[in-house]
Amino acid sequence: MEMCITSSSEIEPPKSGNLITVLSIDGGGIRGILPGVILAYLEAQLQMLDGEDARLADYFDVISGTSTGGLITAMLAAPNEENRPLYAAKDIVPFYLENCPKIFPQTRGIFASAVNLVKVLTGPKYNGKYLHKLIRDKLGDTRLNQTLTNVVIPAFDIKKLQPTIFSSYKVSNHPLLDAALSDICIGTSAAPTYFPAHYFRNEDTLGNVQDFNLIDGGMAANNPTLVAISEVTEQNIEKDGDILPIYDRLLVISLGTGSNTSEQKYDAKMASKWGAISWLYDDGHTPLIDCYSEASKDLVDYYNCVVFKALRSQNNYLRIYDDTLQGNLSSADVATAKNLKGLVKVGEELLKKPVARINLETGVYEPIQNGGTNEEALERFAKLLSDERKLRSSR
């Protein structure tokens, strides 16, 4: 049965179902290919259950994404001319394979490292022109309130020095946040040293205006899962006044873009000698950005693991992440054909790996006993999502 899909500004937390469903996607540049592979598998499972027209936006009450995850969020939730999602999940990886080499043009030759260092020290590594045009062409004039399900996309306002959360839930009370999705995606993707900061002005129907001076949403929440949960929790508290039943009903899939913790790139001996330049650029890496992005996403995962376990709802929380990426595979911008195809392979192999959780004492993701593979977990979650959708339709 096809569900009626309305504007996200009209969607309220579900009253007719048993679950509140959340999908979250980390930032990570070209490594967005990994969640792209995972999402294609999840949507395929939903199509096996409910028909080939099934789309992820039909099943999640909120989709949240940071940086490259924010772009994927918009691809999944923005409407096309038929008022269906702009992209099917299976189209995400081809989109990345086609466009990443143009978004992140590679400097070649023996002086490549020197050229990249000069770029980092004198301005953004990439001018962002291709990315900005691509986003505007694909999303057009679509605004935040027009998405097919609720979306939550963090960015960081460099002028205010505070996060800006573009949330469907906030639009009715804060209409100045109802910005064009293209501006939101460009803003959340404006990673320091990679792309220029993004400025735009938004005006509401009453003539009020607000200026936005945005950089990468990863400065606020590289793993936006907790931001999404907080948004949906706030909405339910306003209606029910009690937080516990909300967490007890959450069904959360959180997708990371991978990292490399096995090679131990930095240590205190190295960092003790660094000045500003070395913190911004060290042998092709950006240590400062690596540190803040890794720390924030792992702590969010740790918090969620603890809370869901405390509420005996750990089976309703799935985090899929690969911390064993080697060499250029852990890069956010090495967009060579070889590296991009390598990331597709990593994503496919990640499906076969066991479900794992972060251990902050060891700093690595460890398999969960009797947790099965990520593929099996996604099949189980697809069944839960399908059953929830059918339950809501029947009521």
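## Helix H6

In this predicted model, helix H6 has as its buried residues Leu-181, Ser-182, Asp-183, Ile-184, Cys-185, Ile-186, Gly-187 and Thr-188. Eight of the eight residues of H6 (residues 181-188) are buried, so the helix is largely enclosed by the rest of the structure.

## Nonpolar cores

The largest nonpolar core has 77 residues, of which Leu-39, Leu-42, Phe-60, Leu-76 and Phe-166 touch the most other members. Helix H1 (residues 33-50) gives the most to this core, contributing eight residues. In soluble globular proteins, nonpolar side chains tend to be buried together.

Apart from neighbours within four places in sequence, Phe-166 is in contact with Leu-144, Val-151, Val-152, Ile-153, Ala-155, Leu-177, Ala-179, Ile-184, Phe-200, Phe-212 and Leu-214. Ile-184 in this list is also one of the buried residues of H6.

## A buried arginine

Arg-392 lies in helix H14, which covers residues 374-394. Its relative accessible area is 16%; because this is under 20%, Arg-392 counts as buried. The side chain of Arg-392 makes a polar contact with the side chain of Asp-61, at 2.8 Å.

Definitions and conventions: Residues numbered from 1 in each chain as written. Predicted model: local features only at pLDDT ≥ 70, side-chain atom pairs only at ≥ 80, totals over all residues. Heavy atoms only, no water. Helix = DSSP H or I, 4+ residues; strand = E, 2+ residues; numbered from the N terminus. Buried < 20%, exposed > 50% of the residue type's maximum accessible area, 1.4 Å probe, protein only. Polar contact = N/O pair within 3.5 Å; in protein donor to acceptor, adjacent residues only side chain to side chain. Core = buried A, V, L, I, M, F, W, Y, C linked by side-chain atoms within 4.5 Å. Contact = heavy atoms within 4.5 Å.
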